[in-house]
Amino acid sequence: MYNGPERKLNRCRAFDYSLPGFYYLTICTKNRINWFGDVVDEKMILNVCGDVVNEFWKLIPRYYENVSLDKYIVMPNHMHGIIYIKNVGNGHCPIPTRNNYGLISKIINSFKNVCTKQIRYGLNCFDFNWQKSFYDRVLRDQSELEHARCYICNNPKAWFCDRNNEV
C-alpha cells in the first residue's frame, strides 16, 4: 500500500538525542504563515500569538529539570532556540524509548501541543498550526555554539533576506 512520499528524516539515526549537550532547534509554522508578529526596524515585535510561544518556551525547564535554555528568538513564522541537556547520571532515561530522539522530540512535541491549544482555543485562532517535525542540529563544540547564538541574535536583522520570509 502506497502512503505517499516518504518523509525525510530530520534527525541523525546514529545519535542519542538524550545525551548531555547543546541542541539548536528551529520550529516553523505550517506554510510559513506569519502568526507571531513582525520585524520592525530590525527588531522582532511579538503579537499575542508570539507572546504565547515566548512564554511557553521559557517554561520548558520547569517541566524538564535536566534541561536549560540558552539563546532563543521567536520570529514571525518560526522560532530558533538552543536547549542544553544536563548530565543527570545513570538514571537519565529510565523508560526505554523506541528511538534515540526521545527527549528532544518529547520536549518539542509538548511545547507545540500546549502552544497550539492556547493559540487556537485561548486566542480563537483556529487555523493556527505548526509545520510537521522540526529542524535540529547538535552543537558539538564551543565554536558551533557561539555561531548558533550569533545567528539567533542577528535573525531579526536578516529577516528580509531570510528563506523563511515569504513576503
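The largest nonpolar core holds 28 residues, and Phe 36, Val 53, Trp 57 and Phe 111 have the most contacts inside it. A nonpolar core is a set of buried Ala, Val, Leu, Ile, Met, Phe, Trp, Tyr and Cys residues joined through side-chain atoms within 4.5 Å; buried means under 20% relative accessible area, with a 1.4 Å probe and protein chains only. Strand 1 (21-28), helix 1 (48-58), strand 4 (67-74), strand 5 (78-85) and helix 3 (102-122) each give two or more residues to this core. Helices (H or I, at least four residues) and strands (E, at least two) are DSSP runs numbered from the N terminus. Helix 3 supplies the largest share, seven residues. Apart from this core lies another, of 11 residues, including Tyr 24, Met 44, Met 75 and Leu 139.

The model is predicted: local features need pLDDT of at least 70, side-chain atom pairs count only at pLDDT 80 or more, and totals for chains, interfaces and linings use all residues. Residues are numbered from 1 along each chain as its sequence is written, and side-chain values use heavy atoms, leaving out hydrogens and water.

Asn 155 lies in the segment after helix 4 (142-154) and is buried, at a relative accessible area of 1%. Its side chain makes a polar contact (N or O atoms within 3.5 Å, one able to donate a hydrogen and the other to accept it; residues adjacent in sequence count only if both atoms are side-chain atoms) of 3.4 Å with the side chain of His 78.

| Residue | In contact with |
|---|---|
| Val 53 | Phe 36, Val 74, Met 79, Phe 111, Cys 115, Ile 119, Trp 130 |
| Asn 155 | Ile 73, Met 75, His 78, His 80, Asp 162 |

The protein averages a pLDDT (the predictor's confidence in each residue, from 0 to 100) of 86, and 80% of the residues score at least 70. Over residues 4-8 the pLDDT is below 50, and this stretch has two contacts beyond near neighbours in sequence.

Notes: Buried < 20%, exposed > 50% of the residue type's maximum accessible area, 1.4 Å probe, protein only. Contact = heavy atoms within 4.5 Å. Lists of a residue's contacts leave out its neighbours within four places in sequence.
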